[in-house]
Amino acid sequence: MPALKFVCTLALALLLIPSPGLASEESKPNILLIMADDVGSDAIGCYGGQSYPTPHIDALAKGGLKFNQAYSMPVCHPSRVCLMTGRYPFRFGKAGSKWGDFPDAAEGICIGDRMKQAGYATAVAGKWQLCFMKNDLDHPRRIGFDQWCLFGWHEGGRYHDPLIYQNGKPLANTQGKYGPDIYTQFLIDFMKESHKEGKPFFAYYPMALCHDVTDDLKGKHVAYAHDGHWLTFAEMMISMDDMIGRLVTALDEMGVRDNTLILFTTDNGTPAASYLYVNEQGKMVRPKVVSVRNNQIVPGGKGKLDDTGTRVPLIANWPGHIKAGQEVNTMVDLTDYLPTVADVAGLQNDGVPRDGVSFAEVLSGDPGKDRRDWIFIEHRGKRCVRALHWKLYDDGRFYDLKQDPLEKMPLKTDALKGKAKRNYAALQKTLSEMQGPLK
């Protein structure tokens with residue numbers, strides 16, 4: 001096995017590092033990173049979801065690699081900090097957990113910055129949430145993006161008649177238009193432009209879909225979708241899959257599909273409810289969201305630290321480079337994406353300390369079983385670490401996830417023996433070390 005691992009790793013390195021005398025831009029793969037909003041594994045067909053059709057996402061899995069052990073933070077803002085920086089939010093102190101803001105210390109070391117260092121054209125479209133954009137119109141550029149088309153925070157609509165900031169200015173003439181159409185077309189145009197100029201592209205799509213509408217605009221509500229209603233969660237799921245299909249079709253039409261790595265994931269689990277309409281008393285009504293997965297009813301778990309809130313899909317698709325129809329149980333979380341795309345882009349380690357660990361070797365066929373032994377999760381002061389089959393919370397609760405995946409029966413830690421005792425000690429040590437800045 002060590003010899004095989006060496007061969008696989010060497011093959012990936014030879015594939016990704018430009019040969020002397022060749023134009024480096026032409027030998028680097030394009031990367032399209034998609035992160036849907038509020039969509040757990042339970043909602044995706046190839047993960048056993050039965051409530052919503054996801055044919056385009058399922059096709060990516062069928063033609064590529066599906067990760068069964070991918071994780072996020074329980075809610076959207078900390079998940080975005082993880083993906084952008086390769087670090088857990090607490091590494092930045094209070095600045096890492098402040099909603100609607102982004103730590104100044106992260107500027108210059110983000111995922112966009114790294115891809116620009118590799119010679120990529122960079123763009124982001126969709127949901128930003130990392131600042132009040134009306135007060136900081138140039139924020140995406142400062143963290144590595146050449147172009148952007150975003151709604152920034154709870155400033156207006158993200159779907160119908162959206163409030164969008166594009167390349168430092170409010171986008172005009174959005175009345176009667178649908179935000180996801182605008183974000184998707186923006187990225188398609190960017191990819192075409194970059195390809196025409198002979199430059200590899202990094203297109204990051206933090207989707208608006210399938211998060212419900214803004215609920216805290218003073219004295220007003222955003223535009224309805226139809227008939228006095230906003231989109232149902234089911235309608236948003238269909239639209240999300242359609243947008244992904246459009247992007248894949250565009251890559252096919254450009255003739256760059258075989259030279260483009262597509263990564264699809266989400267920022268947290270499915271929501272427990274989704275705003276649908278305003279009742280006669282002027283109150284926003286939020287019906288529950290319940291999915292069926294493998295013939296089991298799964299209530300939305302966004303905000304929870306268990307699998308319903310933190311276990312998310314991850315699909316990697318790259319024709320001719322990633323073998324079709326694979327599944328792996330390699331553990332991945334959102335801090336791992338920055339080092340992974342840097343590896344794929346052929347970058348050397350920049351010496352910046354990060355929590356994330358590259359899973360590029362897994363894309364090349366190596367199972368990566370020893371790459372990462374645990375995942376860290378935090379939300380509202382609650383913290384936990386999990387191994388593949390064990391989970392420890394900072395309040396002392398310890399679970400055997402193989403026997404108790406729903407976390408109903410914490411083990412008595414004073415009576416542990418054998419494997420359970422060893423895993424408890426290892427996770428206890430890890431959790432105690434998860435504090436302070438990285439050095």
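## Two domains

The centres of domain 1 and domain 2, taken over C-alpha atoms, are separated by 30 Å. Domain 1 covers residues 30–373 and domain 2 covers residues 381–433; these bounds come from an automatic or database domain assignment.

The model is predicted, so local features need pLDDT of at least 70 and side-chain atom pairs count only at pLDDT 80 or more, while totals for chains, interfaces and linings use all residues. Residues are numbered from 1 along each chain as its sequence is written, and side-chain values use heavy atoms, with hydrogens and water left out.

## Where the domains meet

In domain 1, 8 residues are in contact with 9 residues of domain 2, contact meaning heavy atoms within 4.5 Å. The two domains bury about 740 Å² between them, and 55% of that area is on carbon and sulfur atoms. Buried area is the accessible area (1.4 Å probe) that two parts lose on being put together, summed over both.

Between domain 1 and domain 2 there are 3 residue pairs in polar contact, with both residues at pLDDT 80 or more. A polar contact is a pair of N or O atoms within 3.5 Å; within protein, one must be able to donate a hydrogen and the other to accept it, and residues adjacent in sequence count only if both atoms are side-chain atoms. On the side of domain 1 that touches domain 2, strand E2 (65–71) and strand E14 (326–333) are the elements that give two or more residues. The residues of this side divide into 3 nonpolar, 2 polar and 3 charged. Here Ala, Val, Leu, Ile, Met, Phe, Trp, Tyr, Cys and Pro count as nonpolar, Asp, Glu, Lys and Arg as charged, and the others, Gly among them, as polar.

## Salt bridges

Side chains of opposite charge can pair when their charged atoms come close. A salt bridge is a side-chain nitrogen of Lys or Arg within 4 Å of a carboxyl oxygen of Asp or Glu. The structure holds 25 salt bridges, and 1 is found across the interface of domain 1 and domain 2. Asp307 and Arg386 form a salt bridge, at 2.7 Å from N to O.

Lys66 and Glu327 also form a salt bridge, with their closest N and O atoms 3.6 Å apart. This pair links distant parts of the chain: Lys66 is in strand E2 and Glu327 in strand E14, 261 residues apart.

Helices (H or I, at least four residues) and strands (E, at least two) are DSSP runs, numbered from the N terminus. Helix H8 (residues 233–254) has 22 residues and should span 32 Å at 1.5 Å a residue, which agrees with its end C-alpha atoms being 32 Å apart. The expected span is 1.5 Å times one less than the number of residues. Just after H8, Gly255 has a positive phi of about 80°.

The peptide bond from Leu209 to Cys210 is cis, with omega near 15°. Cys210 is in the loop between strand E7 (201–206) and H8.
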